[in-house]
Amino acid sequence: MVENGRMTMMMRRTLVGAVAIVFIAAALSSITAPSYLNFSLLFKDPNSCHCPPRDQNKYTGLIEDCYCDYETVDSINGEFLYPLLQELVTTSFFRYFKVKLWCDCPFWPDDGMCRLRDCSVCECPENEFPETFKKPWTHGLPSDDLVCQEGKPQSTVDRTLDSRAFRGWIVTDNPWTNDDETDNGEMTYVNLQLNPERYTGYTGPSARRIWDAVYSENCPRYSSGEICQEKKVLYKLISGLHSSISIHIAADYLLDETTNQWGENVELLYDRVLKYPHRVRNLYFTFLFVLRAVTKAADYLEQAEYDTGNRSEDLKTQSLMKQLLYSHKLQAACPLPFDEAKLWQGQSGPQLRQQIQKQFRNISALMDCVGCEKCRLWGKLQVLGLGTALKILFSVDADNTPVQPLQLQRNEVIALLNLLNRLSESVKYVHEKGPSVEKILGEIDHVTYEDSTRKRMWNLIDGLKFRKRL
């Protein structure tokens with residue numbers, strides 16, 4: 001028995017010594033050995049879901065599940081789509097959006113706008129509006145005018161009046177979204193040019209809970225081989241939209257509240273988007289998905305009534321739409337951005353479509369739980385835009401034939417084109433700013449990661465020494 005005990009003790013000491021030698025060798029090798037022999041990679045933080053970016057040209061070749069490559073998308077977007085869309089969304093037709101901003105959250109008690117002073121809005125009485133504001137096509141309150149607005153201007157929504165904005169269009173609900181867009185009684189008109197998507201100060205548990213509910217309950221993160229293509233598409237669309245929203249917040253950020261200094265927050269851009277390559281890839285995927293919906297509805301959108309009462313503006317809108325829909329440059333560069341025909345195949349196709357449609361309606365309903373009014377505005381607009389894209393591409397029966405001729409509301413068209421513009425801006429921003437930001441912050445992140453890894457190893461070695469003394 002005594003001999004056995006000595007043998008066991010010797011084996012334990014030998015094992016402890018061997019482990020300690022491995023850790024010491026790993027620590028030294030991380031300093032002296034070339035990168036391909038860096039043993040510190042063996043002790044990567046299990047909670048880390050990425051590697052520090054090393055390849056600045058990782059976004060090349062075909063975009064996953066699409067028929068265009070990154071290089072072509074960056075080129076055609078920068079040269080053609082971006083400048084055209086920027087001009088299109090400023091026209092009288094596309095600058096006004098009808099939205100229901102005051103809604104109860106259907107999923108949990110409302111803890112939003114009324115308790116967030118920075119995100120609240122004071123509705124102006126009718127007699128406070130100048131007479132010129134009541135006429136069509138006025139610009140409403142300037143973005144820097146705090147008349148009858150409570151809190152910070154970046155969080156509030158300017159109103160404007162547009163009595164002729166929605167005439168001549170159908171009123172039917174979108175089956176992919178939760179809102180009743182036909183309920184004019186609870187809707188208000190908003191001038192999108194006065195309410196840019198940017199930082200609002202809406203952060204913390206309330207904001208995180210929205211995205212947690214979106215992902216965990218409606219489009220959970222997929223693993224390779226563990227989810228069908230249709231559900232994978234839904235996740236990538238939401239992830240791409242999430243990336244785009246984060247990019248716009250980082251691109252137009254309140255850097256100093258005391259001096260009202262605005263600018264770029266590249267650290268936020270890196271931490272929320274660039275640090276995770278799949279988020280960038282999903283952004284490109286969502287951009288092509290929405291672009292495919294717009295081009296597929298070309299015949300309908302060409303014939304649509306862009307009547308705002310301002311003839312010169314309306315002619316300009318029609319001209320810009322035709323340039324977008326029938327561009328030879330775009331058709332030559334990317335004739336089929338996304339092929340929706342490959343989805344909903346097999347006997348389970350109709351049931352799967354209903355399931356995903358229900359999940360997207362839930363996501364749409366979650367926008368009523370957003371506690372910041374301006375965030376809710378852009379959340380509703382962009383989710384409606386995605387829902388319109390889904391409606392265009394997937395309103396088909398079991399044989400993949402259209403259930404009925406395509407019909408779109410004016411509000412759906414406004415949301416669709418404004419969403420495409422938002423995604424176009426994000427893609428351009430990532431393409432132009434991403435490599436330099438990744439090079440600088442990625443190297444800092446890499447050094448920090450290496451230092452923390454070494455620290456963990458030496459702590460483990462000290463712990464092993466302590467146990468050996470015991």
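**View 1. K380 and D368, a buried salt bridge.** Both K380 and D368 are buried, meaning under 20% relative accessible area, with exposed being over 50% and partly exposed in between (1.4 Å probe, protein chains only). K380 forms a salt bridge with D368, with 2.6 Å between the closest N and O atoms. The term requires a side-chain nitrogen of Lys or Arg within 4 Å of a carboxyl oxygen of Asp or Glu. K380 belongs to helix 12 (residues 373-394) and D368 to the loop between helix 11 (349-366) and helix 12, so the pair ties together parts 12 residues apart in sequence. Helices (H or I, at least four residues) and strands (E, at least two) are DSSP runs, numbered from the N terminus. The model is predicted: local features need pLDDT of at least 70, side-chain atom pairs count only at pLDDT 80 or more, and totals for chains, interfaces and linings use all residues. Residues are numbered from 1 along each chain as its sequence is written, and side-chain values use heavy atoms, leaving out hydrogens and water.

View 2. E197 pairs with R422 in a salt bridge, the closest N and O atoms being 3.1 Å apart. E197 lies in the loop between strand 2 (188-191) and helix 4 and R422 in helix 13, so the bridge ties together parts 225 residues apart in sequence. E197 and R422 are buried. D252 forms a salt bridge with R198, at 3.9 Å between the closest N and O atoms. D252 counts as partly exposed because its relative accessibility is 25%. A search of the whole structure finds 14 salt bridges.

**View 3. Helix 4 against helix 5.** The axes of helix 4 (residues 205-218) and helix 5 (residues 229-251) come within 11 Å and cross at roughly 170 degrees. Axes are lines fitted to C-alpha atoms, for helices over the stretch in contact, and angles run from 0 to 180 degrees between N-to-C directions. The two helices, helix 4 and helix 5, are therefore roughly antiparallel, a term for angles over 145 degrees. Contact (heavy atoms within 4.5 Å) involves W211, V214, Y215 and N218 of helix 4 and, among others, L234, Y235 and I238 of helix 5.

**View 4. D65, a positive phi in a loop.** Phi of D65 is near 65 degrees, a positive value in a residue other than glycine. D65 sits in the loop between helix 1 (2-32) and helix 2 (70-88). D65 counts as buried because its relative accessibility is 17%.

Notes:
Parallel < 35°, antiparallel > 145°, perpendicular 65-115°, else oblique.
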